[in-house]
Amino acid sequence: MLLAVLLCGGCGSKVFRHNGAVNMAGGFNMTGDMTVDGKMDMGELKTTVSLSPNSRATPLTPIVVSGQPKRTGKLAVLDVDDFLVDRNVGGIGSMGENPVALFHEKIDAIRNDKNIKAVVLRINSPGGGVTASDMMCHELARLKQDRELPIIANIMTVGTGGAYYLANHCDAIIAHPTSIVGGIGVILNIYNLQDTMGQFNVLASPIKSGEKIDAGTPERPIEADELAMLQRIADGFHQRLIDQVKSKRPQVAASEDQWSDGSVMTGSEAQTLGLVDGVGYIDTAVEMAKQRAGLKPDDRVVMYRRENDPAYTPLDVSPNQPVFSSLIPLRVPGLDRSTMPTFLYLWQSDPAMASLARP
């Protein structure tokens, strides 16, 4: 009972220590908040609990996931998962990483490790923000320029939009036969909630200077000239992506109308069109990269992880999407538009994706 009282009421600035057994008969009730930040040791059960929002509290460390530990040569698996956005993805159950910043940090780690001779870019993402995707492609291009490493992309469940854009910067793309590939298009989510807001007697009264400064707001219908302005931007981003694909894969220019409209397809279909170079699995991509780099079959394969990241195999996904981002799961499309990226290289089959990038 003494322990329960101290936990509930606190003990000021004094440190509470108890050596020996604690016996508590009956129920344990604590009203209020309980915070644990640090190490908790309970006999054979040891765990580290961190409630700090600083996801970079520990540095990235190369974790050997296969191969002989004593080998010098290494292949790095660079994992790219979920929604690609240039902001920290917070919420309960998320590591709170910024996908673009994390990608940059992993690229730097690979660049600075001279024992890494090849890279497999393992992708499982529907895409994301136009600018975020472009920044990641720029980082990958810089790595190739600095190190001239063979880089093989492996598309797992999905590699569309900005994720395919990223894969297309590699030397070759291996997709699973059942992967979803493509989604070469641009989307900007705009909603008209004027009538919905009116039902709750909510009237917009913006103070603005610049007639088009609120173009696309959900508070009123979009004007024809505003729609034309945003469409022009979307078309420009779309053409930029199409041109990039054709520059890397000139053979697909003849079939442009089959893949440039945002359509998705299986990995096998993408191989037929020339959008991927082969069908296989991650071990296929690893073997191809090792062969191109002159590595031995049993040379080490490493991944970069933080201490608090539970993903320790090539197929694990770091928990960087929140289990719940809000205690109230109800969202009205459009009201959270200011927290989202604008133009997206994204296969948006799920309407919830419009809100995935909330901070």
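**First stop: helix 2**

Select helix 2, in which Pro99, Val100, Leu102, Phe103, Glu105, Lys106, Ile107, Ile110 and Arg111 are buried. Here buried means under 20% relative accessible area, exposed means over 50%, and partly exposed lies in between (1.4 Å probe, protein chains only). Helices (H or I, at least four residues) and strands (E, at least two) are DSSP runs, numbered from the N terminus. The model is a predicted one, in which local features need pLDDT of at least 70 and side-chain atom pairs count only at pLDDT 80 or more, while totals for chains, interfaces and linings use all residues. Residues are numbered from 1 along each chain as its sequence is written, and side-chain values use heavy atoms, with hydrogens and water left out.

Next, display the surroundings of helix 2: its buried residues pack against strand 4 (74-84), strand 5 (116-129), helix 3 (130-147), helix 4 (162-167) and strand 11 (300-305). Contact means heavy atoms within 4.5 Å. At the N-terminal end of helix 2, select Asn98, which caps the helix with a side-chain oxygen 2.9 Å from the backbone nitrogen of Val100.

Now select Arg111 and Asp146, which form a salt bridge whose closest N and O atoms are 2.8 Å apart. This pair links distant parts of the chain, with Arg111 in helix 2 and Asp146 in helix 3, 35 residues apart. A salt bridge is a side-chain nitrogen of Lys or Arg within 4 Å of a carboxyl oxygen of Asp or Glu. Arg111 counts as buried at 11% relative accessibility, whereas Asp146, at 44%, counts as partly exposed.

**Second stop: the nonpolar cores**

Which residues touch the most other members of the largest nonpolar core? Among its 51 residues, they are Phe103, Ile110, Leu121 and Leu275. Helix 3 gives the most to this core, with six residues. A nonpolar core is a set of buried Ala, Val, Leu, Ile, Met, Phe, Trp, Tyr and Cys residues joined through side-chain atoms within 4.5 Å.

Move to helix 9, where Ile282, Ala285, Val286, Ala289 and Lys290 are buried. These residues cover an arc of only 130° around the axis, which puts them on the same side of helix 9; the arc is that of the directions from the helix axis to the C-beta atoms. The face turned away from the buried side carries the exposed residues Asp283 and Gln291. The buried residues of helix 9 pack against strand 4, strand 5, strand 6 (151-160), strand 7 (172-175) and strand 11. Just after helix 9, select Gly294, which takes a positive phi of about 75°.

How many salt bridges does the structure hold? There are 18. One of them joins Asp299 and Arg71, with the closest N and O atoms 3.9 Å apart. Asp299 lies in the loop between helix 9 and strand 11, and Arg71 in the loop between strand 3 (61-66) and strand 4, 228 residues apart. Asp299 is buried, with a relative accessible area of 6%, while Arg71, at 29%, counts as partly exposed.

Finally, select Arg220 and Asp214, whose side chains meet in a salt bridge (2.9 Å, N to O). Salt bridges that share partners join Lys208, Asp214, Arg220 and Glu226 into one network.

Methods. Polar contact = N/O pair within 3.5 Å; in protein donor to acceptor, adjacent residues only side chain to side chain.
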